[in-house]
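Here is a tutorial dialogue on reading features from a structure. Start by looking at the model below.

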Amino acid sequence: MARYLPRTAVIEAIERELSNASFLVLAGARGSGKTTLLKSLLTRWKPGDPVALLKLEPLASTPELLESESRRLAPLLFRGRRHRETNAFDALLDGLRRRPKDSLLLLDDITEIRTFSYFRDVDNPLQELIAALQSRGQTVATSRHPFWIKRELPGLPLVEIPPVGAAELFEAGYPEAEALQAATGGMALHVHRLGETLEAHGLGIEEALSRELEEGGRIEAECRATLAELLHRARGYNACKAILRILADEEELKLTEIARRMARTPGSTRDYLRWLEEVDLIEAREKRFSYVDKLLRLWIRIYGRGVIATRNDVRTEVARHLGALAPVSVERPVSTGYRLPPSPSEDLVEID
């Protein structure tokens with residue numbers, strides 16, 4: 001079983017934001033731990049309190065389904081029935097404006113609401129939903145697209161989930177905390193998977209990561225799923241694949257360097273880079289582009305070459321990945337006196 005990571009600093013950042021605002025977005029890439037953090041917040045309330053956690057991805061198929069299921073799953077927050085002549089999305093907004101003042105609504109994947117713009121009589125659904133949420137009670141909503149949120153909805157209170165630190169891993173009792181953090185880039189889902197393998201089999205970091213990245217390994221499967229989900233949401237699919245391959249070989253390239261390798265103009269390359277940023281596959285720091293998920297970059301180096309990867313290919317690339325990492329040293333953490341309640345159940349280690 002994966003160890004429980006309390007993410008105390010992130011929880012405290014959320015609480016600070018909620019003390020000054022009724023609504024905030026908790027943003028991070030797929031696998032950064034958004035859903036787990038919402039579940040941690042949920043455990044801080046007593047049974048019967050006006051609090052609910054709704055996962056919007058399966059519910060945001062039609063306004064009617066979302067409205068009816070919200071009332072069924074969160075009866076303490078959505079009271080009464082909608083009038084027959086009111087459309088479902090307007091009824092949902094009205095219910096949010098009437099919820100208890102002391103309520104807390106936790107919404108996973110709020111950006112899924114954007115798809116409602118295809119339905120009749122629904123305009124600017126995400127903006128309207130956020131306005132209703134801000135009008136009463138408190139809300140913490142997650143998004144796996146922080147770049148898009150910051151660009152399209154500037155000014156919203158936003159907490160970006162930082163990578164898991166080596167000190168957090170040491171405090172949680174993970175073996176090889178510094179190496180584990182460096183190898184995974186602190187992506188929570190990869191930390192749990194690789195940490196489990198280290199503990200279960202008594203392997204070194206290189207052997208454990210190689211095993212997880214071989215075909216059939218959990219990290220290999222997760223990287224494949226992440227790439228499929230995010231890349232298919234990006235525009236310019238083929239050119240985007242080319243850019244990802246270039247950055248898999250060498251990160252922190254500037255726009256002109258990427259354009260030269262693609263034999264494209266900087267103008268067209270800039271569009272492709274922006275589209276990859278919109279789905280948070282890559283990020284730019286000081287005009288240099290890199291992967292958000294470092295193990296996804298490693299996966300592309302292994303499986304994005306157009307040939308079947310052998311076990312030796314996996315081990316070679318893992319050794320190259322680990323060999324390029326800067327040494328990490330960590331001071332042993334000093335207790336702050338702040339603790340979340342004990343992990344309430346095994347399902348708290350689910351990561352999204």
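Q: Which residues of helix 12 are buried?
A: Helices (H or I, at least four residues) and strands (E, at least two) are DSSP runs, numbered from the N terminus. Buried means under 20% relative accessible area, exposed over 50%, and partly exposed in between, with a 1.4 Å probe and protein chains only. In helix 12 the buried residues are Ile219, Glu220, Glu222, Cys223, Thr226, Leu227, Glu229, Leu230 and Leu231. This is a predicted model: local features need pLDDT of at least 70, side-chain atom pairs count only at pLDDT 80 or more, and totals for chains, interfaces and linings use all residues. Residues are numbered from 1 along each chain as its sequence is written, and side-chain values use heavy atoms, with hydrogens and water left out.

Q: What do the buried residues of helix 12 pack against?
A: Contact means heavy atoms within 4.5 Å. The buried residues of helix 12 pack against helix 10 (188–201), helix 11 (205–213), helix 13 (237–249), helix 15 (266–278) and helix 16 (294–303). Thr226, placed in helix 12, is buried with a relative accessible area of 7%. Leaving aside neighbours within four places in sequence, Thr226 is in contact with Arg30 and Leu296.

Q: How far apart are the end C-alpha atoms of helix 12?
A: The expected span of a helix is 1.5 Å times one less than its number of residues. The 14 residues of helix 12 (residues 218–231) should span 20 Å, and the end C-alpha atoms are 20 Å apart, which agrees.

Q: Which residue follows helix 14, and is its phi positive or negative?
A: Most residues other than glycine have a negative phi. Ala263 follows helix 14, and its phi is positive, near 60 degrees. Ala263 lies in the loop between helix 14 and helix 15 and is exposed, with a relative accessible area of 62%. Asp109 is not a glycine either, and has a positive phi of about 65 degrees. Asp109 is found in the loop between strand 3 and helix 6, and counts as buried at 3% relative accessibility.

Q: What lines the second largest cavity?
A: On a 1 Å grid over the protein atoms alone, a cavity is a set of points where a 1.4 Å probe fits but cannot get out, and a pocket is an open set with protein on both sides within 12 Å along at least five of seven lines; lining residues have an atom within 4 Å of a point. Among the residues lining the second largest cavity are Leu54, Ser70, Phe78 and Ile113. The volume of the second largest cavity is about 70 Å³.

Q: How many residues line the largest pocket?
A: The largest pocket is lined by 39 residues, and Pro163, Glu283, Arg285, Val292 and Lys294 lie nearest its centre. Strand 6 gives the largest share of the lining, 4 residues.

Technical notes: Grid points are joined across faces, edges and corners, and a volume is the space filled by probe spheres set on the points.
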